[in-house]
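Please read them with the coordinates open.

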Amino acid sequence: METRRTAPIGRPRAFDVDEALDRAVRVFWAHGYEGASLDDLTGAMGITRTSMYRAFGNKEELFRQALERYTEGTASYVVRALEQPTAREVAGTFLLGAVRSTTQPDSPTGCLGVQGALAAGEPGRPARDTLAAWREGGTAHLRDRFQRAVDEGDLPAGADPALLARYLMTVANGIAVQAAGGTPREELQLVADLALQAWPPAGS
């Protein structure tokens, strides 16, 4: 006699994982890692704690996945900047993206990658370390791109790619903090424009 299985071993998910993750991004973005309680997260995601653990693991893992989602979405301007043909255009696109992404009308202000765990205590250390590595990764990508610009003659031979990358990241992080404090987009764009005035001229 043939036996039919009428249901899978695991209960099928009754929610859209990508949509739930997008909602978790917004909670972490608005409240930070420690400020985002499990009730805040599951309430926004529209799922139970059990469903969250099954789909995403613990809160720390959910945060990592939310940061990846943020990187692919809101922070995707970094990839676009790195693809620009000149170092100056890389810098301009990067800072423009920082201004726009931190001042979106229908999103939390600031940057998840900057403020997400700045004030986290010992329980939030893994998230703080994750974000520090995330920012350092961005700086490294900029440094490598500027080294290529030096090699190709787009930047002067004496330019310091690592320092230029750190300079841009520092300005962008400051923009994020100012945006979270309520500074309007127009003023932050003026800051970005001023920062570019110090950019080295193209190499000969």
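Predicted model: local features only at pLDDT ≥ 70, side-chain atom pairs only at ≥ 80, totals over all residues.

1. Helix 9 covers residues 161-180, 20 residues in total. From first C-alpha to last the helix reaches 29 Å, close to the 28 Å expected at 1.5 Å a residue. Just after helix 9, Gly 182 has a positive phi of about 105°.

2. The buried residues of helix 9 are Pro 161, Leu 164, Ala 165, Leu 168, Met 169, Val 171, Ala 172, Ile 175, Ala 176 and Ala 179. They lie on the same side of helix 9 because the arc they cover around the axis is only 160°. Their cover includes helix 6 (87-102), helix 7 (112-115), helix 8 (125-151) and helix 10 (185-196).

3. To the contact, domain 1 gives 13 residues and domain 2 gives 23 residues.

4. About 1,300 Å² is buried between domain 1 and domain 2, with 67% of that area from carbon and sulfur atoms. On the domain 1 side, Trp 29, Glu 34 and Leu 67 supply 51% of the area buried against domain 2, more than any other three residues.

5. Glu 34 belongs to helix 1 (residues 17-35). Its relative accessible area is 38%, so Glu 34 counts as partly exposed. Glu 34 and Gly 121 are 87 residues apart in sequence, with their C-alpha atoms 8.0 Å apart in space.

Terms used:
Residues numbered from 1 in each chain as written. Heavy atoms only, no water. Helix = DSSP H or I, 4+ residues; strand = E, 2+ residues; numbered from the N terminus. Expected span 1.5 Å × (residues − 1). Buried < 20%, exposed > 50% of the residue type's maximum accessible area, 1.4 Å probe, protein only. Arc of directions from axis to C-beta. Contact = heavy atoms within 4.5 Å. Buried area = accessible area lost by both parts, 1.4 Å probe.
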